[in-house]
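Reader: Hi, I have a chain open on my screen and I'm new to this. Can you walk me through it?

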Amino acid sequence: EKNEYRKFKIKSGQGQANDVKMLKEVLERRFNNNWPKPDLIIIDGGKAQLNAGISILKAQKLTMPIIAVSKGEGLRSAAAPDKLFFPGEKEPLELSLSSPALHLIKRVRDEAHRFAIEYHRKLRKQKVFK
């Protein structure tokens with residue numbers, strides 16, 4: 001549902017890339033609004049990003065499923081095995097490249113990337129013209 005997509009302009013940590021800090025800011029702002037709560041949170045990242053998401057859910061007293069998905073070796077290769085991280089699990093799950101579940105998760109992640117990149121390009125273009 002594209003009308004449910006949300007854009008967040010990062011306010012904290014300008015000039016320095018800190019994925020975990022930026023993720024926490026976005027999740028805090030997302031859950032401080034009266035928007036419908038998601039059925040599942042899929043975070044693009046690994047264990048650190050998953051733990052950041054879990055900490056925000058706990059702070060907000062929310063209970064909902066959350067997972068993180070990260071690229072495996074060969075980051076740009078379609079044959080790279082993605083890893084799924086689950087709360088409470090030390091080792092990630094590596095699904096077969098033919099797994100329908102993995103294909104769905106990858107499509108969700110890729111759509112989120114497409115949306116974010118489009119927004120980033122728009123912001124950069126505005127900055128250039130200022």
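**Walking through the chain**

Author: Helix H1 has 13 residues and reaches 18 Å from its first C-alpha to its last. That is close to the 18 Å expected at 1.5 Å a residue. Keep in mind that this is a predicted model.

Reader: Which residues of H1 are buried?

Author: Leu-23, Glu-25, Leu-27, Arg-30 and Phe-31.

Reader: And what do the buried residues of H1 pack against?

Author: Strand E1 and helix H2.

Reader: Let's do H2, then. At what angle do H1 and H2 pack?

Author: At about 30°, with their axes 9 Å apart. H1 covers residues 19-31, and H2 covers residues 47-59.

Reader: Why give both an angle and a distance?

Author: Those are the two values used to describe a pair of packed helices.

Reader: So what does the angle say about H1 and H2?

Author: Angles under 35 degrees count as roughly parallel. H1 and H2 are therefore roughly parallel to each other.

Reader: Is the crossing left-handed or right-handed?

Author: H1 passes H2 in a right-handed crossing.

Reader: Which residues meet there?

Author: From H1, they are Asp-19, Val-20, Leu-23, Lys-24, Leu-27, Glu-28 and Phe-31. From H2, they are Ala-48, Gln-49, Ala-52, Gly-53, Ser-55, Ile-56 and Leu-57.

Reader: Lots of those numbers jump by three or four. Why would that matter in a helix?

Author: An α-helix has 3.6 residues a turn, so residues three or four places apart point the same way.

Reader: How far apart are the end C-alpha atoms of H2?

Author: They are 18 Å apart. At 1.5 Å a residue, the 13 residues of H2 should span 18 Å, so the two agree.

Reader: Which residues of H2 are buried, and what do they pack against?

Author: The buried ones are Gln-49, Leu-50, Ala-52, Gly-53, Ile-54, Ile-56 and Leu-57. They pack against H1, E1, E2 and E3.

Reader: What comes just after H2?

Author: Look at Lys-61, which takes a positive phi of about 55°. Lys-61 is in the loop between H2 and E2.

Reader: Is Lys-61 buried or exposed?

Author: Lys-61 counts as exposed, because its relative accessibility is 74%. The cut-off for exposed is over 50%.

Reader: New topic: strands. Pick a residue in E2.

Author: Take Ile-67, which is found in strand E2. Ile-67 counts as buried because its relative accessibility is 8%.

Reader: What does Ile-67 touch?

Author: Not counting residues up to four places away in sequence, Ile-67 touches Ile-41, Ile-42, Ile-43, Leu-50, Phe-85, Phe-86 and Ile-105.

Reader: Now H3. How many residues does H3 have?

Author: 30, running over residues 100-129. H3 reaches 44 Å from its first C-alpha to its last, close to the 44 Å expected.

Reader: What is at the start of H3?

Author: There, a side-chain oxygen of Ser-99 reaches to within 3.3 Å of the backbone nitrogen of Ala-101.

Reader: And which residues in H3 are buried?

Author: Leu-102, Ile-105, Lys-106, Arg-109, Phe-115 and Tyr-119. The buried residues of H3 pack against strands E1 (41-44), E2 (66-70) and E3 (83-85).

Reader: What about the segment before H1?

Author: Tyr-5 is there. Tyr-5 counts as partly exposed, because its relative accessibility is 28%. Leaving aside neighbours within four places in sequence, Tyr-5 is in contact with Glu-111, Arg-114 and Phe-115. A polar contact of 2.8 Å joins the side chains of Tyr-5 and Glu-111.

Reader: Last one. What pattern does the whole chain follow?

Author: Read along the sequence, the pattern is α-β-α-β-β-α. That is three helices and three strands. Of the 130 residues, 28% count as buried. The C-alpha trace spans about 45 × 35 × 30 Å along its principal axes.

Technical notes: Residues numbered from 1 in each chain as written. Predicted model: local features only at pLDDT ≥ 70, side-chain atom pairs only at ≥ 80, totals over all residues. Heavy atoms only, no water. Helix = DSSP H or I, 4+ residues; strand = E, 2+ residues; numbered from the N terminus. Expected span 1.5 Å × (residues − 1). Buried < 20%, exposed > 50% of the residue type's maximum accessible area, 1.4 Å probe, protein only. Contact = heavy atoms within 4.5 Å. Polar contact = N/O pair within 3.5 Å; in protein donor to acceptor, adjacent residues only side chain to side chain. Axes fitted to C-alpha atoms, helices over the stretch in contact; angles between N-to-C directions. Parallel < 35°, antiparallel > 145°, perpendicular 65-115°, else oblique. Left-handed = near helix turned anticlockwise from the far one by under 90°.
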